[in-house]
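Please keep the sequence and the model in view while going through the numbered points.

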Amino acid sequence: MAPVPLGGTIAVTGSAGFIGSWIVKLLLARGYRVRACVRNLADESRTAFLRQMEGYGTGRLTLHEADLDNPGCFDDIFAGCHGVCHVSHVSDYDDQDYISRTCEHIIESVNKSGTVSRVVVTSSLAAVIQDADIQELVRRPVIYEDRILDENHPKRTPERGQGYSMGKVLTEILFAEAAELSGDWDTITICPADNVGPILSPHQKDMGPWQHNIETMLTGKYYQNAGYRPWMVVDVRDDAACHIGVLESTEVYNGERYLAWSTETRNVEDICADIDRLLPELGHAGAELVDPFPEHIQQRETQLRQIWAQCDLRNDRIVGLLGIEFRPMDESIRDCVESLIAVGGVKPVLREGFDLRQ
Ligand SMILES: NC(=O)c1ccc[n+]([C@@H]2O[C@H](COP(=O)([O-])OP(=O)(O)OC[C@H]3O[C@@H](n4cnc5c(N)ncnc54)[C@H](OP(=O)(O)O)[C@@H]3O)[C@@H](O)[C@H]2O)c1
């Protein structure tokens, strides 16, 4: 199917979110017309920053209210669009029937549009790595796009914490099948890793989860990651560039998915220490590590860390497709911290003798 024309009209769901708003911003910078979808236009705390973006004053950027839960609410928004970036979360990842319905709502509006030729769907690294049995990472340690999770594993249930990953896999499948059936548009999936980088609006400091985790580091407490997994990051600006890259690409095919990540990893405690290493002028006092896991999981920390350490993270496909050079993690952490303070108003805990410059 056709890539979107440069400068065409693109709708972005989840535009008030961390990734969605960077996609909006970069689309505008590349000359596109953007229809930014949010749930509540009247919520100034989540929409004011979009109205301040270049393009809003001239009408190249327009804001639209739509809730995925309501069928038909994207019909008018998608009509006349060339592409859609479906970035938003859904309200509930534990109800797979509900997730199917939200996909149907988007798909039906795309079909009705008659103009959309490409839909980029934001899935997740979780759809590639979140095995119900962690030993599967030892058996199949290469993390790349064709790594398919065992959907029939008895522990692959929302009750076992797999709802998010299951919902993302389901979404990928439903969109690829619908596009195939339609013949008028295609779907390319981006599977982002852990997004770190600058927030664009104060409300984004509490979302994420990764930028929020850095916020808690700044304010003196931070949390051990699920299964002692190291952070596997992508800068949010690079993630947005990947979305736009596949929107424009002539080399992609319906149903393909691309991991968006630098493949750099770092343990959570090292990230906390990095704040002082990267920004010594700030005088960050450090933070206390909170390990929320039950004792039987804590006892497996060494083993779990070894499992993650032997994984082989690959981004050959997206690099080969787009020629993208991912930012180093240090840059993402530094810019995240500075934005949390400057944009988010976060007050970090500082060592004696240091003051926050306002
Ligand atoms: N952040 C990461 O590290 C990461 C990693 C892998 C994958 N992802 C995926 O990337 C996407 C965006 O993540 P993010 O971090 O940017 O999330 P975010 O900052 O929490 O933003 C998500 C947006 O989804 C919108 N939303 C939630 N429920 C909705 C509904 N029922 N109808 C319409 N909009 C709804 C919200 O819109 P309003 O603000 O207008 O209410 C929100 O702004 C998600 O699909 C997520 O699964 C994220």
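1. Helices, in this note, are DSSP runs of H or I with at least four residues, and they are numbered from the N terminus. In that numbering K168 belongs to helix 7, which covers residues 163-182. The model under discussion is a predicted one.

2. Is K168 buried or exposed? A residue is called buried if 20 or more other C-beta atoms lie within 10 Å of its own. K168 has 25 C-beta neighbours inside 10 Å, and therefore counts as buried. Apart from neighbours within four places in sequence, K168 is in contact with S123, S124, A126 and A127. Its C-alpha atom is separated by 18 Å from that of D67, a residue 101 places away along the chain.

3. The surroundings of the ligand deserve attention next. There are 28 residues around the ligand, and those that come nearest are A16, G17, L68, S88 and N195. Sorted by class, this shell holds 11 nonpolar, 12 polar and five charged residues. Helix 1 (18-29) and strand 8 (194-196) each supply at least two residues of the shell. Helix 1 gives the largest share, with three residues.

4. Helix 1 may also be checked for its length. Its 12 residues should span 16 Å at 1.5 Å a residue, and its end C-alpha atoms are 17 Å apart, which agrees. Just after this helix, G31 takes a positive phi of about 95°.

5. How many of the 12 residues of helix 1 are buried? The count is nine, so that the helix is mostly covered. The buried residues are F18, I19, G20, S21, W22, I23, V24, K25 and L27.

6. Helix 1 packs in contact with helix 9 (residues 236-248), and the two axes come within 8 Å and cross at roughly 65°. This crossing is right-handed. On the side of helix 1 the contact is made by F18, I19, W22, I23, L26 and L27, and on the side of helix 9 by V236, R237, D239, A240, A241, H243 and I244. The residues of this contact divide into 10 nonpolar, one polar and two charged.

7. V87 is placed in the loop between strand 4 (83-86) and helix 4 (96-113). It is buried because 26 other C-beta atoms lie within 10 Å. Not counting residues up to four places away in sequence, V87 touches V12, T13, G14, G17, I19, G20, I23 and T122. The C-alpha atoms of V87 and S123 are separated by 8.1 Å, although these residues are 36 places apart along the chain.

8. Y228 has a positive phi of about 55° and lies in the loop between strand 9 (221-223) and strand 10 (231-235). With 21 other C-beta atoms within 10 Å, Y228 is buried. T263 has a positive phi of about 75°, and its place is in the loop between strand 11 (257-260) and strand 12 (265-266). T263 has 17 C-beta neighbours inside 10 Å and so counts as partly exposed.

9. Which residues does a cis peptide bond join? The bond links G208 and P209, with omega about 25°. P209 lies in the loop between strand 8 and helix 8 (210-218).

Conventions
Residues numbered from 1 in each chain as written. Predicted model: local features only at pLDDT ≥ 70, side-chain atom pairs only at ≥ 80, totals over all residues. Near = placed C-beta within 6 Å. Nonpolar A, V, L, I, M, F, W, Y, C, P; charged D, E, K, R; others polar. Expected span 1.5 Å × (residues − 1). Axes fitted to C-alpha atoms, helices over the stretch in contact; angles between N-to-C directions. Left-handed = near helix turned anticlockwise from the far one by under 90°. Contact = placed C-beta atoms within 7 Å.
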